[in-house]
Amino acid sequence: MMDTRQNTLHISGGTRLTGSLKVNTAKNSVLVLMLGSLLSREKVILQDVPRLSDILVMVELLRHFGAIVEWQGSDLHIRADSITTCEAPYHLVSKMRASFVALGALMGRCNSARMPMPGGCAFGPRPVDRHIKAFKAIGATILEEEGDFVVSLEEPLAGRVVFEAPTVGGTQNIILASVLGQGEVVIENAALEPEIIDLATMLTQMGADISGAGTSVITIKGVERLRGITYRAIPDRIEAGTLMLAVAATRGSVVFEEVNLKQLQAVIAKLNEAGVQVLPLGENRLRVDASGSLKPVAVDATEYPGIPTDLQAPFGAFLATIPGTSTVADHVYFGHRFAHVEPLKDLGAELELDGNKLTIDGGQRHIGTAMHAADIRAGGALIVAALAAEGKSVITGLEYIERGYAQITERLRSLGAVIHRESVVEVVTGTYGD
Ligand code: EPU
C-alpha cells in the first residue's frame with residue numbers, strides 16, 4: 001500500500017493586490033551562509049530564516065557533516081566545532097544544486113572530501129565544470145569515481161582562478177574553500193551577484209580577509225580561524241520581484257517592506273518602463289502601483305546587475321497581461337528555462353518561443369485552468385498569471401514552488417488574493433514484488 005500526496009494551490013484570479021508585505025531573507029543567500037557557518041568552530045546564528053524546503057535540506061546536510069543545527073523561532077543556530085564526515089550523501093545533494101557549494105566549505109575543514117554530482121530544479125543541463133576547473137587551478141586534486149568527485153589537498157590552496165564565464169555557485173565555492181589556510185587566492189571574472197557580497201560580508205565579520213566582493217576580481221587571503229557571528233541575510237530580491245510582478249499583473253498597489261532598492265534596480269527600471277509606478281519610500285521600502293496605463297517592453301535576463309534569470313518567467317506572465325508585443329530573453333540559461341510557456345498557453349496566452357527568446361502577444365483573455373509548475377520560478381510565473389486571470393486556476397507542483405516561496409498562500413491572501421492550498425491524500429493499493 002502506498003500514499004501519494006498531491007498538494008494543489010487554488011487561485012481565483014482577477015482581484016487587485018493591495019496592502020503591504022515584508023520581504024523574507026534571501027533563500028539563495030541563506031543556503032550559502034549556512035555553508036559558511038561550517039568554517040567556524042563557534043556558534044553562528046542566522047536570523048529570520050524562511051522555512052523553505054531547500055533550507056530544510058541544507059539543515060540536514062549540515063547535520064550530516066556533524067554540525068549541531070537548531071531552530072530558535074525563526075533563527076537558525078549552527079555550531080560546527082567538529083566535522084564528523086567530509087563525504088556528502090547523494091540523497092541530499094541530488095535534491096538541491098546548492099549543496100554542491102558544500103564542497104568549498106568541506107575543503108576549508110578537511111584535507112579530502114567526496115561530493116556527488118548535484119541535482120536541482122528540473123530545467124536543462126546545469127554542469128559544474130567551471131567549479132571543478134577552478135578548484136584545480138588553486139591546487140586541489142580532483143578525481144571522478146563512480147559519479148562522485150573525490151577531492152584531496154596536498155598543499156594550502158593558492159593561486160589564480162579565471163572563470164571563463166561568471167558562475168554564482170562557482171565563485172561561492174572558491175571563496176569558501178580559500179578562507180581558511182595560508183594561501184592567497186584571486187578570482188577573476190567572479191560573479192557580481194549580491195549573494196556573493198553577502199557571503200563575503202558575513203565571513204569578513206567572522207575574521208576572514210576577503211576584498212573585492214561585488215566586483216569581478218576577488219582576493220581571499222587565508223586566515224587561521226573564524227569567529228562565530230549573529231547575521232541576517234539580505235532580502236530576497238527574487239521573492240520581492242515575483243510578488244512585485246504579481247501586483248503589477250493584477251493592476252494592484254502594494255508597499256513592500258525590507259527590500260533592497262539597489263539590488264532591485266534593473267527590475268524597478270523595467271517595471272517603470274512598462275508604466276508601473278515603483279516609488280521608493282525611504283531606504284528599504286517601496287510602493288508598486290500599476291493602476292496607470294501599461295505598455296509592452298523587451299526584457300533581457302542577464303547576470304547581476306541585469307534583470308535576474310530567476311525573474312524572467314514571472315516577467316513573461318506579467319507581460320502577457322499587457323496588450324501589444326513584449327519579449328523576454330534569458331541569456332543565462334539560454335533555451336532551457338521556459339517551463340511556464342505551455343501552461344500559460346493553456347490559460348489563453350499567445351506565446352512563441354524561439355531558442356532563448358519568448359515573444360508575447362499580450363492582452364489576450366486569460367481564463368483560469370489547471371497548470372503544473374515544473375520548477376520554482378516557472379511556479380512563480382504560474383502564480384502571477386493565475387492571480388491576473390479570470391476564474392479559477394489549480395496549480396500542481398507545489399513541491400517546487402515551496403522550495404523558493406515561503407508561506408505564499410498566506411502572504412498573497414494578506415494582499416487580498418483569493419487563494420488556498422489543498423492537501424489531497426490518495427490511497428493507492430497494489431502489490432509490489434513478491
Ligand atoms: N554553468 C556552467 N558550468 C558551471 C557552472 C555554471 O556551464 O560549472 C552555467 C549554468 O548552467 C548557467 C550559468 O552558468 O547556465 C550560470 O550558473 P550559475 O553557476 O551562476 O548558477 P548557480 O550558482 O547554479 C544560482 C542560483 C540560481 C540562479 C543562478 C543564476 C542558488 C542556490 N542558485 O545558481 O537560482 O538561477 O545562480 O543567477 O543560488 C533559483 O533560485 O530558482 C535558482 C535556480
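Helices are taken here as DSSP runs of at least four residues, numbered from the N terminus. In the predicted model, the shell around the ligand includes at least two residues from each of helix H1 (27-36), helix H5 (129-137), helix H6 (168-178) and helix H12. Of the elements that contribute, H5 gives the most, with three residues. The shell also spans the domain assignment, since at least three of its residues come from each of domain 1 (2-24 + 235-428) and domain 2 (27-232).

In total, 22 residues surround the ligand, and the closest are Arg 97, Asp 129, Arg 130, Thr 167 and Asp 310. By class, the shell consists of nine nonpolar, five polar and eight charged residues. Arg 97, listed among the closest residues, places a polar side-chain atom 2.6 Å from a ligand oxygen atom. For Lys 27, an N or O atom of the side chain is 3.3 Å from an oxygen atom of the ligand. Val 332 instead uses its backbone, with an N or O atom 2.8 Å from a ligand oxygen atom. The ligand taken alone exposes 830 Å², of which the protein buries 89%.

A search of the whole structure identified two cavities of 30 Å³ or more. The largest cavity holds about 40 Å³ of space. Its lining is formed by Thr 242, Leu 243, Ala 246, Gly 380, Ile 383, Val 384, Leu 387, Tyr 405 and Ile 408. Two elements, helix H8 (237-249) and helix H12 (376-388), each give two or more residues to this lining, and H12 gives the most, with four residues. The lining of the largest cavity has seven nonpolar and two polar residues, with no charged residues.

The second largest cavity has a volume of about 30 Å³. Pro 235, Asp 236, Arg 237, Ala 240, Val 259, Asn 260, Gln 263 and Leu 264 make up its lining. In contrast to the lining of the largest cavity, which has no charged residues, the lining of the second largest cavity includes two charged residues, together with four nonpolar and two polar residues.

How values were computed: Residues are numbered from 1 along each chain as its sequence is written. This is a predicted model: local features need pLDDT of at least 70, side-chain atom pairs count only at pLDDT 80 or more; totals for chains, interfaces and linings use all residues. Side-chain values use heavy atoms; hydrogens and water are left out. On a 1 Å grid over the protein atoms alone, a cavity is a set of points where a 1.4 Å probe fits but cannot get out, and a pocket is an open set with protein on both sides within 12 Å along at least five of seven lines; lining residues have an atom within 4 Å of a point. Grid points are joined across faces, edges and corners, and a volume is the space filled by probe spheres set on the points. Ala, Val, Leu, Ile, Met, Phe, Trp, Tyr, Cys and Pro count as nonpolar, Asp, Glu, Lys and Arg as charged, and the others, Gly among them, as polar. A residue is near a molecule or strand if one of its heavy atoms lies within 4 Å of it. A polar contact is a pair of N or O atoms within 3.5 Å; within protein, one must be able to donate a hydrogen and the other to accept it, and residues adjacent in sequence count only if both atoms are side-chain atoms. Accessible areas come from the Shrake-Rupley method with a 1.4 Å probe; for residues, only the protein chains shown count as cover. Domain bounds come from an automatic or database domain assignment.
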